[in-house]
Amino acid sequence: MKSKLSSYYQLLRGPNLIFIMLIMYIVRYFLIVPGMRVCNDFPFFSDMLFHLLVVATVLIAAAGYAINDYYDQLIDGVNSPKKQIVGVSIRPRVAYLLFWSLSVMGSLIGIYISFRVGFINLGAIFIIVSFILYYYSLKYKRLLLWGNIAIAFLSSIVILLPWLFEFFTLIGRPNAFIDHVVCLNLIRKITMLFVGFSFVMTLIREWIKDLEDQVGDEQGGRVTLPIRFGVKKTKLIINATIILFVAALAVIEWKLMSQKFNYVAYYSIVMISLPLLYLVAKIAKAKTASDFHFLSTISKIIMLFGILLLVVSYFSIFKFQY
């Protein structure tokens, strides 16, 4: 029984699901709640509905992992045979049914939340994301760049959802919406910065993973950057993207310091910008799959540090404003 539970935990990427929950709760309680309290109020999107939103998001993400492993049996057998779950400890049909079951449950919960907010059309987000995850595993991940962009887009949605539902909850209350425009704009600007951060960091990590999985991807018919352009050019593309990203972060860090938010700027420099430059140096020297796996892990840690910047911002900016 323990072995079977362990297999499902590995199939559904338990640590990744915990990470998704962590992101959503940080956005909610270290950005939206304090952001609304700047206007001497609390979020209009209730805690109960928010918890359900987290559940819906986690269910659909788990479904995506299940269908990804279902269609990646051949590739996983080459790239990571010791970690392969579908076709080894879990039957392919079970993984396929698991995708549809989790997707339907997540979508139904999402539709219910949207109905309670007063904008049932928002429920389409959960259905669309489920189909994107399905077609990503079936087709998009085998197309140059499209698979990487799809995953980066889906990763950034996790950050966007808490703000989006808060926004539409207030739209349904016109008088309250007018009173909270300033707070909503502040929350929106910060949210979009973190959405952009998540998108770029996920894109970088996906490209690094493509370098790690090149052999299996080629046998599985995928067309990735290293397969199309080679390892050397792919490294140049990744490092150029990182350097441009660090330059953009430097502008934000300078603006933070000019507004006397020094601790937030210092945290960003030490925990995000410098590790990204370290990543550039290590990518240039990386050769083996294990090297790229290590760099993929580093990029994930940098993303975590980026999300934790919201916690630092809370104690440095929001906490003393009310």
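**Close-up views: a bent helix and its salt bridges**

**View 1. Helix H7 has a kink at Leu 160.** Running over residues 146–171, helix H7 bends by about 45° at Leu 160, and Pro 162 is a proline that follows within four residues. The bend at a residue is the angle between axes fitted to the seven residues ending there and the seven starting there. Helices here are DSSP runs of H or I with at least four residues, numbered from the N terminus. As for cover, 20 of the 26 residues of H7 are buried, so this helix is mostly covered (buried means under 20% relative accessible area, exposed over 50%, and partly exposed in between, with a 1.4 Å probe and protein chains only).

A quick word on the source: this is a predicted model, where local features need pLDDT of at least 70 and side-chain atom pairs count only at pLDDT 80 or more, while totals for chains, interfaces and linings use all residues. Residues are numbered from 1 along each chain as its sequence is written, and side-chain values use heavy atoms, with hydrogens and water left out.

**View 2. Arg 28 pairs up with Asp 47 in a salt bridge.** A salt bridge here is a side-chain nitrogen of Lys or Arg within 4 Å of a carboxyl oxygen of Asp or Glu, and by this rule the count comes to 5. For Arg 28 and Asp 47, the closest N and O atoms are 2.7 Å apart. This pair links distant parts of the chain: Arg 28 sits in helix H2 (residues 14–37) and Asp 47 in helix H3 (residues 47–71), 19 residues apart. Arg 28 counts as buried, at 2% relative accessibility, whereas Asp 47 counts as partly exposed at 38%. Look for Glu 166 too: Arg 28, Asp 47 and Glu 166 are linked in a network of salt bridges.

View 3. Glu 206 is buried, with a relative accessible area of 8%, while Lys 209 counts as partly exposed at 26%.

**View 4. Arg 222 and Asp 210 make a salt bridge.** Here the N to O distance is 3.7 Å. Arg 222 is in the loop between helix H10 (214–219) and helix H11 (225–229), and Asp 210 is in helix H9, so the pair links distant parts of the chain, 12 residues apart. Arg 222 is buried at 9% relative accessible area, and Asp 210 counts as buried at 3% relative accessibility.

Technical notes: Helices (H or I, at least four residues) and strands (E, at least two) are DSSP runs, numbered from the N terminus.
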